[in-house]
Amino acid sequence: MKKVEAVIKPFKLEDVKEALFEIGISGITVSEVKGHGRQQGHTELYRGAEYVVDFLPKIKIEIVVKEEDVEKVIEAITQHARTGKIGDGKIFVMPVEKVIRIRTGEEDEEAI
C-alpha cells in the first residue's frame, strides 16, 4: 500500500476530486494548508500599506491506495491539477505499513 499526498491550487480541487472518483478512488482526505516553493509568495497593498504574503493557500489531498493503483492516481492528479504555471504543486508517494478500519477492525487492503 502507498500513501499519495498532493499539494495543489485550491481552484483545482473539484477537477481532481472528480478525476479520482472516475478511476474508482472514493476515500480521500482534504486539508486547507499554506506554503510556498519557488513561487515565493507576493506583495499586496492593504489600506495603503504594502505587505508580503509569504505563504499561499493550497489544498493537500491524502489518499491511501493499493500499490497497483498508484500510477493511475498520479496521472489523474497531474492531468487535472496542471495549469502550466508556477505553483501547480507537488505529489509525494510513501509506503504505508498498516491500515486499520476502526469500526470493523479490518486491516490493510480490506480497510482502504
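Buried here means under 20% relative accessible area and exposed over 50%, with partly exposed in between (1.4 Å probe, protein chains only). This is a predicted model, where local features need pLDDT of at least 70, side-chain atom pairs count only at pLDDT 80 or more, and totals for chains, interfaces and linings use all residues. Residues are numbered from 1 along each chain as its sequence is written, and side-chain values use heavy atoms, leaving out hydrogens and water.

**View 1. Asp108 sits in the segment after E6.** With 25% relative accessibility, Asp108 counts as partly exposed. Its phi is positive, about 55°, even though Asp108 is not a glycine. Most residues other than glycine have a negative phi.

**View 2. Helix H2 (70-81) keeps its buried residues on one side.** Helices (H or I, at least four residues) and strands (E, at least two) are DSSP runs, numbered from the N terminus. The buried residues of H2 are Val70, Val73, Ala76, Ile77 and Ala81. They cover an arc of only 135° around the axis (taken from the directions from the helix axis to the C-beta atoms), so they lie on the same side of H2. Strand E1 (2-8), helix H1 (13-22), strand E5 (56-65) and E6 are among what covers them.

**View 3. Thr83 lies in the loop between helix H2 and strand E6 (89-95).** Thr83 is partly exposed, at 29% relative accessibility. Leaving aside residues up to four places away in sequence, Thr83 touches Lys9, Phe11, Lys12 and Asp88 (contact: heavy atoms within 4.5 Å). As for Lys17, 66 residues apart along the chain, its C-alpha atom is separated from that of Thr83 by 16 Å.
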